[in-house]
4 protein chains.
Amino acid sequence: YGKNTIKFLRLHKEGKKHFVKEVEVCAHLRLTSPQEYLEGNNSLVIPTDTIKNIVLVLAKKNGIPSLEQFAIDICNHFMTTFCQVAYVKTYVQEVPWQRLHEDGVPHIHSFICVPDGIRFCEAEQCRNGPLIVFAGIKDLKLMKTTQSGFEGFYKNEHTTLPERHDRILCGELFCKWSYGECKNFDFDCIWKKIRECILEAFAGPPDCGEYSPSYQKTVNCIQMLVLSRVSQVQVIEVVLNNTFYNVVDMKNLGLTNDKEVLVPVEAPYGSCACTLGRK
Amino acid sequence: YGKNTIKFLRLHKEGKKHFVKEVEVCAHLRLTSPQEYLEGNNSLVIPTDTIKNIVLVLAKKNGIPSLEQFAIDICNHFMTTFCQVAYVKTYVQEVPWQRLHEDGVPHIHSFICVPDGIRFCEAEQCRNGPLIVFAGIKDLKLMKTTQSGFEGFYKNEHTTLPERHDRILCGELFCKWSYGECKNFDFDCIWKKIRECILEAFAGPPDCGEYSPSYQKTVNCIQMLVLSRVSQVQVIEVVLNNTFYNVVDMKNLGLTNDKEVLVPVEAPYGSCACTLGRK
Amino acid sequence: YGKNTIKFLRLHKEGKKHFVKEVEVCAHLRLTSPQEYLEGNNSLVIPTDTIKNIVLVLAKKNGIPSLEQFAIDICNHFMTTFCQVAYVKTYVQEVPWQRLHEDGVPHIHSFICVPDGIRFCEAEQCRNGPLIVFAGIKDLKLMKTTQSGFEGFYKNEHTTLPERHDRILCGELFCKWSYGECKNFDFDCIWKKIRECILEAFAGPPDCGEYSPSYQKTVNCIQMLVLSRVSQVQVIEVVLNNTFYNVVDMKNLGLTNDKEVLVPVEAPYGSCACTLGRK
Amino acid sequence: YGKNTIKFLRLHKEGKKHFVKEVEVCAHLRLTSPQEYLEGNNSLVIPTDTIKNIVLVLAKKNGIPSLEQFAIDICNHFMTTFCQVAYVKTYVQEVPWQRLHEDGVPHIHSFICVPDGIRFCEAEQCRNGPLIVFAGIKDLKLMKTTQSGFEGFYKNEHTTLPERHDRILCGELFCKWSYGECKNFDFDCIWKKIRECILEAFAGPPDCGEYSPSYQKTVNCIQMLVLSRVSQVQVIEVVLNNTFYNVVDMKNLGLTNDKEVLVPVEAPYGSCACTLGRK
């Protein structure tokens, strides 16, 4: 198969107000015949340069109503235009530009980049198969300074980790879900709702939080909340890359450190992942 | 000289509410004698490990009231404790954790990382000299989709750039200012005010913006506004790393592209910088 | 499942001569029961910290005879020690330290890092299934300045790429192969042989090279040569991330540029990949 | 001032043999008047795009006989062509392509990237001042597995580091030297000679090495050897970014670890730097 990455900006105006989307699009194609590989016969090959042109032309003609709709448009174009395409997958990722505000007033043409979780989506289709849409959020860094522990784990002669009932829970979250076959969803609205579910399940109630007995359980809570609140989600995958923090031992410096000063532990670096679907 | 980087977390509680600062501290020391280099005589050398311990102990004892105060505390400690230190510089950078909110309600112990401009500061001192404090913001990505041009520049036989009166202005901003000799400023408050000045000078009025004839002029506008509004600032340096965007030529694809689809130009990649002080 | 990364150095001496291996090990485990996720029951969970200890203890006891043997040792340990493990995968990657030479004389204890292609391997096993070993090379950057073209490709109204019969072929190669079920191979020797095959197939004969009609065909040539020369390889995957170079058009600068000055094209950035096995 | 980065490839042929240089050029200009900043008057501004064209045209016309000569050519061009330029600095860095060899036979047009120390240079000039040339090597990673210690350092109540007489010495080296005013040196030959001096001073004799009492002393040995062997060098700066390795304590795992298994210590991360000139 072949793969491309194209980055571009799509502007549009409503009156004097400007709107901007900057996206990175990655298109994977697999052809029906491997002759390009085996024989060096290029007659069916769609050059990277042509793929770039198609993506830019579609952006020009249709705009980017939502990341998901744009990914669907690209898939449809390749499937209907090129009979030599056996499979197409489109990945679209957004640069998180947000409108600037001055004293609460939105600016008509100025933006700031706020990367607190990157939105992305995928659309994929095999010839004669359904078009399936995924969406997700990545690089979302979260921390709980309490209400997290890790106890009762399996122990043997290689175990040196002490049990802890009040540790820091910190990690980078990746979350991807599928919508099943594509319908006319309000993708922007659903995405925002899922982001809120993730934050709520991670943090618990604002006034007291909720105890997490492990990274794994927190991953599961996020999945359960999304599945219960957002009916359009069929399957949800969550990966949590953990950053561990150790309370610095200050005894030999003559001090007691009551979880006030902690250092990140670079190694071992762990992650836990789980994929959960509906019955 | 020697240099160290130490990353750690400082927690404190007020009632049930948690506060967190994660910082990266970098300490440079220069000793009065170069004997460690020339003779391999280590008797005056303060090991990296000791420097780390000192930084962590100061964080434990004093907390981090502000980045600047913490940098000052470290400088003072080294100057007063070690007579072999001829010069000390401390750089402190903050991981941009922000308190999570659920439906507008602040969470008591959960945080999200929002890197829309990184706050940092520096304190430096030569023995018998004044302690000087700098502060700044870096990795602040901004974009204006109009009200920017570049015309009337110098031309000769190597010039191929066309004049433009409606281009994208996009860049990553670095800004660093000095407070002169250290006083008891409200560093947090001043920092926020300067950040607002930067955004205002970059963007112009929310309803119409302000025309920028060049990156250089925008850099100067930012400096002038900060100097006029914030009396504590003595000298201000601004570096703007430009990202250029080209309107995609779609003529050979049979389309007119009225600044709707643009691609970033990776090379040449430019930056402009200026340092401005008070008379 | 859970995943860990551990980086460490393994030294050993033969007489006064030192040998060093620095590796990054990543272990994935899947347990037979998802109770840790669903119920927050940690009783079967093997903590990251324990996994780290096991990897370090195995390195201490057995050394790292080859990356592959070390990966196999880790897999075996987890499968035989923990009945709750349903699946284990171990990835091992080497930091490319090479012995220093002075005037051709090897140094007994000094090394230089030479990252001209990173060696890695994987071993994986499901309970009651065979242990399968993979090996590979990544981050191998290669360039041919001629004997490469791209012609006769599919064209339609979105095609703007001209045909070229003398372009630069430049890319970063990833190559991974499987040995099938594990036998007592001389993994170091085979790895070196495969690396040579890759370079030979990429470059062609030293005195004239060999024409490449596409990145795809070059990928296939590499695979075919490895499969024909190295009988232990069962399946081989090659991914070539292309860097395109454009001859700079200097007509409007009054110069003819006969493929003397070229600039890398950042976008579109392409890659092609193929997996090939034996019949 | 303004700054640009331009990356390009320069090819040339001698008979059927191809030669390639890929470089990254960075040009800083400061103009005699700040009117571009203060007044938004662009009439003296040399656009980034023009600078790029000049660099490419010089590469086309003169080739890149050596990095240093190319940097000098660029400086000279700007100083003689543009009377509004008050200061110019040119930085040139090389992508480390090496000719491929098959069974010892050099390939006529195939290359591999071998980043074991990156070569760079700088040329700078103020109007009416001398043109000064610097050269250097960076990203050179070296390790000694023995013959290194750190003892007799300053101790107080914050000291926790034990003395060590047999530790790992590992670091990333940056080295930059000045040639004083530019003469017709054989820059390629001198650069290779200095690289050899660095390796020799770092490692010591191949059969036994030489004891290093500190990173600082090793930095000084490198400087002294270069100054004594290479008369063209006026001043030499060396920065060594240290990576510390700790012997893993395996007592609670029931094992003795005789400096066989070590882990890198991510924090504190130190560096030491020194600049040394001739009397």
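C:Asp116 counts as buried because its relative accessibility is 15%, where buried means under 20% relative accessible area, exposed over 50% and partly exposed in between, with a 1.4 Å probe and protein chains only. In this predicted model local features need pLDDT of at least 70 and side-chain atom pairs pLDDT 80 or more, whereas totals for chains, interfaces and linings use all residues. Residues are numbered from 1 along each chain as its sequence is written, chains are lettered from A and ligands numbered from 1 in the order in which they are written, and side-chain values use heavy atoms, leaving out hydrogens and water.

The side chain of C:Asp116 meets that of C:Arg195 in a salt bridge of 3.3 Å, N to O, a salt bridge being a side-chain nitrogen of Lys or Arg within 4 Å of a carboxyl oxygen of Asp or Glu. C:Arg195 is likewise buried, at 18% relative accessibility.

C:Arg119 also pairs with C:Asp188, at 2.8 Å from N to O, and with C:Glu68, where the closest N and O atoms are 2.9 Å apart. Of these residues, C:Glu68 is buried at 0% relative accessibility and C:Arg119 is buried at 9%, while C:Asp188 is partly exposed at 25%. In chain A, A:Glu68, A:Arg119 and A:Asp188 are linked in a network of salt bridges.

Between chains B and C, by contrast, the rule finds 0 salt bridges. Their contact, defined as heavy atoms within 4.5 Å, takes 6 residues from chain B and 6 residues from chain C.
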